[in-house]
Amino acid sequence: MATVAASPTYAGTESGEVTGLWSWLTTVDHKRIGVLYLYTSLFFFLFGGLEAVIIRAQLAGPNKTLVSAEMYNQLFTMHGTTMVFLAIMPLSAAFFNFLIPLQIGARDVAFPRLNAFSYWVYALGGLFITFPIFFSVAPDGGWFGYAPLTTRQFSQGVNIDFWVLGLQILGISSLAAAFNFITTIINLRAPGMNLMRMPMFTWMSFVVQFLIVLAFPVITIALVFLQFDRFFGTNFYEIGAGGDPLLWQHLFWIFGHPEVYILILPAFGLVSEVLPTNSKKPLFGYPVMVYSGILIGFLGFGVWAHHMFSVGMGPIADTVFGLTTLLIAIPTGVKIFNWIFTMWGGSIRFTAAMKFAIGLVALFTIGGISGVSHASPPADLQQTDTYYIVAHFHYVLFGGSIMGIFAGIYHYFPKMFGRMMNERQGTWHFWLNFIAMNLTFFPMHFSGMLGMPRRIYTYDAGQGWDTFNFISSIGAFMLVISTSIFVWNFFRSKSHGAIAPDNPWDAATLEWSIPSPPPEYNFAEIPLVESRYPLWDLTHPERTSEIPHTHEGWEEQDKAADAKAVHIEKDRRTAAELGIPMPTPTIKPLIVAAGIIIMFSGLLFIHRPSKAIAFTLIFSGAAILVGTLYAWLLTPLEPEHH
Amino acid sequence: MSASPALDHIEAGAHGHHYTTTGLDSRKIAIWAFIGSECMLFASLISTYLIYKGRSVVGPFPHEVCNPPACATTLNPILNIPVTSASTFVLLMSSLCMVLALAAVENRNLPKHTFGDRLLGSSKLWLWATCLLGAMFLGFQAYEFTSFVHEGLSIRTNLFGSSFFTLTGFHGAHVTAGVIWLGTLLAIDYKRGLEPADAINVDIAALYWHFVDVVWIAIFTLIYLIK
Amino acid sequence: MAHKDSVPHEAQGGHGAAAAPGAHGGPAHTPGHGAHAHPTWKQYKWVALILLVITVVEVWIYYIPSFVASKLFVPSLLIMSAVKFAIVVMFYMHLKYDARLFRALFIGPLIIAFVTIISLLFLFGHIALRLGS
């Protein structure tokens, strides 16, 4: 019964407006920020997908001339950069933002304004790195920008400048968010929510934040070196001065490998929420799932040079990294088995979310198998830089991350927007997507094995690649259709979807114990947690009877004065009525973010004969940044009250 | 105003009185996470310096004499250990002053009997001392940088110049940010006084400051002392 | 999993603990710090002195050519600066007296950073293990 009534809106604050552009620009509410991330990242996902479609159109047959070689370079560079940094990471961030405080029983993240700042830096940074393509000056050195190709000598134009600066900007966003979520997960858990009772999504996200903290500084420095080489004439990647071309590669991949675990672990976490709920069984082997997630994160720092097996590191390095890469398959495989055992013996409900979750289990496994084959240096010597690799990472990123994220969207849409997505359209989306995805990427295993290199804009006929490429391109066009169904479903359901109950999936974790969408304060009374599946304790105690229930952590109770045992809340009163202090909305995070973008964009002009533009931008950006930052830090988060 | 007795205590949730799982201040947790990221930042910079050690094609060099053809004329090793030792002392002493500043803020309300006690207990004094020593360190760095440029080593000259100036430049930038931060705390101390309740803010600044010192300990050994 | 301070107390300032008359003439029991074992001025003085002495020794041995040429030079410098590092972290940054959580938050990244530096040195040929004959 879809009425055209307005979606249940977010409850208003005392001082700000409920709706309207200004309320979104000044929000510091994690739920709204999560929704902002979701919209923006979905936009970039579509944009990156469009770039891919053009690539596939160009490669549909031999020697096509749809785009020039130079534009092709920009397309595949931006497709990769967009998908990694502007789509998948922020889609995960949408869930970090929306879900983590709800899952741990908190009212918001530890630093709400910093949270808003992270979003605005991402949004503005995303625009910064995307708009050049409209002027045909988009980055064109591959998403991994190998130096010395990307040095000024071999890439004179402004393209790589946009890439380097854009990534630095985006790195700030991710790092700030990581500090925020680490603090939130450590410090804002409800009483009784000890670490081994946290939902799996929060656990995987926790690991991911540490990966961000440890990996992003390394790419920051790699980019600084490239920046300095390009703008100030340093020698980090200058072969003539003795520079080592491998320096970039090592630094990049020390970041790059943990980055791919950053991309997949949140999706794993979402699947670990969806599968048990729709199997009506607790997750199989929860502790093992936690430890394997931690192990994947940790080992992820020890495998990076498997991206460099062909550069001549020598047999010892090759062997070491080959071994560590094989090793990391173990905890990953463990997770696959645990998901299967979760479903085994359960009462499966095939919602759209469930289909996508199971899809991840299947498709990620395929990607994992090709991944294991890359772990062997001699085998990889044939595979590297061919479409075989492209097949692998699209199976794990599209079949893995994106599928997991779709599962999360279908599963959490009701909680976010108070309406249900259309299940029938969801089913169409799933099957079309599943078939199209396999049509697009499976043939790449073959064309890759037959020697088709990556990043070529045309190929001659008769090398055995033609049919495979053609099938891939058909698959890509089919993906357009399936994704369109999803987009239609998403936006239509926001205004016309069936009104969602608070717990449509009969799920177990705290976010389902409050209304859909949640009131601004999340919990009227902070729940006291005594097990891993708080809601099932109330609604289906037989499912959780074997899991220990203790009141460990409840002595914190006296500090959380407004706490009470886990309960279902239907309250729709405002924070003011309940006497809950809420943070004041503020535009300052957006302005600080804008200051940073302005400052960085000044560097784009540093090579002009007149330095006036460059210095004006740099100094005014810095002034805006520092001035507004001072104002921000000296303003209390919440209004004073007695 | 509250809806139920259970919610009465919410009024007590006044500004700054929020529940936490660990009983620790969130800002302190965040600064340690930040310091973790800085470990990796400086590890990358230091690694690059060490990787490129000895690989510069032209001079000047840090510890070795540079003879033609690597240099136009014979150049002496460019690092100045005595001067840098002095700046290292300065930074180490600034950490001591920082610790005393924090203690002074925490103990502000304790009775002070002797002149020594009052000296120790003056947060303004120790914050000034830390700032000034930090600025002195920066002065030393500025002197070192300009004299190196005079002797023919700039950031573009060779691998040594690039990696050295970038590493120590980043470190110096961190010191500068620290001095500004401490200066702000000092201004607040003058404006309204730093109470024990503000100790957490001073503590966080102190952790940052000490970390910057600790990075210098690593840099001094790895770059200056090890040949 | 215990990750609280050893003495549970209010985290944030605002409701500052009554400043107990300094039991050991050192910092009082204030929010956010462990109650007891807390470095005093005496200890800080010693810490500063030790740091000074180690630095003097480091610079001193730099000027002994025979020592510099020996195999002990680099390891001794590394050990001395590691000791300075540890002292500043444990005492000035308080890690010895603060909640164990902070220790975990610092040691983890430190280990990863250290392993990264060592791995890169291996990969770029600055250190080598001699295997077999």
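## Backbone features

A:D506 is found in the loop between α14 and β1 of chain A, where helices (H or I, at least four residues) and strands (E, at least two) are DSSP runs, numbered from the N terminus. Phi of A:D506 is near 55°, a positive value in a residue other than glycine. Most residues other than glycine have a negative phi, and most peptide bonds are trans.

This is a predicted model, in which local features need pLDDT of at least 70, side-chain atom pairs count only at pLDDT 80 or more, and totals for chains, interfaces and linings use all residues. Residues are numbered from 1 along each chain as its sequence is written, chains are lettered from A and ligands numbered from 1 in the order in which they are written, and side-chain values use heavy atoms, with hydrogens and water left out.

Cis peptide bonds occur in chain A and in chain B. One joins A:A147 and A:P148, with omega of about 0°; A:P148 belongs to the loop between α4 (112-130) and α5 (159-187) of chain A. Another joins B:P68 and B:P69, with omega of about 5°, and B:P69 is part of the loop between α1 and α2 (81-106) of chain B.

## Salt bridges

Over all chains, a search of the whole structure finds 15 salt bridges, each being a side-chain nitrogen of Lys or Arg within 4 Å of a carboxyl oxygen of Asp or Glu. In chain A, A:E525 forms one with A:K564, the closest N and O atoms being 3.4 Å apart. A:E525 lies in the loop between α14 (466-496) and β1 (526-528), and A:K564 in strand β2 (residues 563-565), so the pair ties together parts of chain A that are 39 residues apart in sequence.

## Interface of chains C and B

Contact (heavy atoms within 4.5 Å) links 61 residues of chain C with 57 residues of chain B. The buried area, which is the accessible area (1.4 Å probe) that two parts lose on being put together, summed over both, is about 5,300 Å² between chain C and chain B, and carbon and sulfur atoms give 75% of it.

One salt bridge is found across this interface: the side chains of B:K28 and C:D98 meet at 2.9 Å, N to O. On the side of chain C that touches chain B, the elements giving two or more residues are α1 (41-62), α3 (73-92) and α4 of chain C. The most comes from α4(C), with twelve residues.

## Interface of chains B and A

Between chain B and chain A, 49 residues of chain B are in contact with 54 residues of chain A. The area buried here is about 4,100 Å², of which 65% is given by carbon and sulfur atoms. The count of salt bridges between these chains is one, formed by B:R55 and A:D244 with the closest N and O atoms 3.3 Å apart.

Helices α1 (26-52) and α5 (159-192) of chain B each supply at least two residues of the side that touches chain A. The largest share of that side, 15 residues, comes from α1(B).

Helix α7 (residues 245-279) of chain A packs against helix α4 (residues 100-123) of chain C at an angle of about 145°, with their axes 12 Å apart. Axes are lines fitted to C-alpha atoms, for helices over the stretch in contact, and angles run from 0 to 180 degrees between N-to-C directions. In this pair, A:H250, A:L251 and A:I254 of α7(A) meet C:T116, C:L120 and C:L123 of α4(C).
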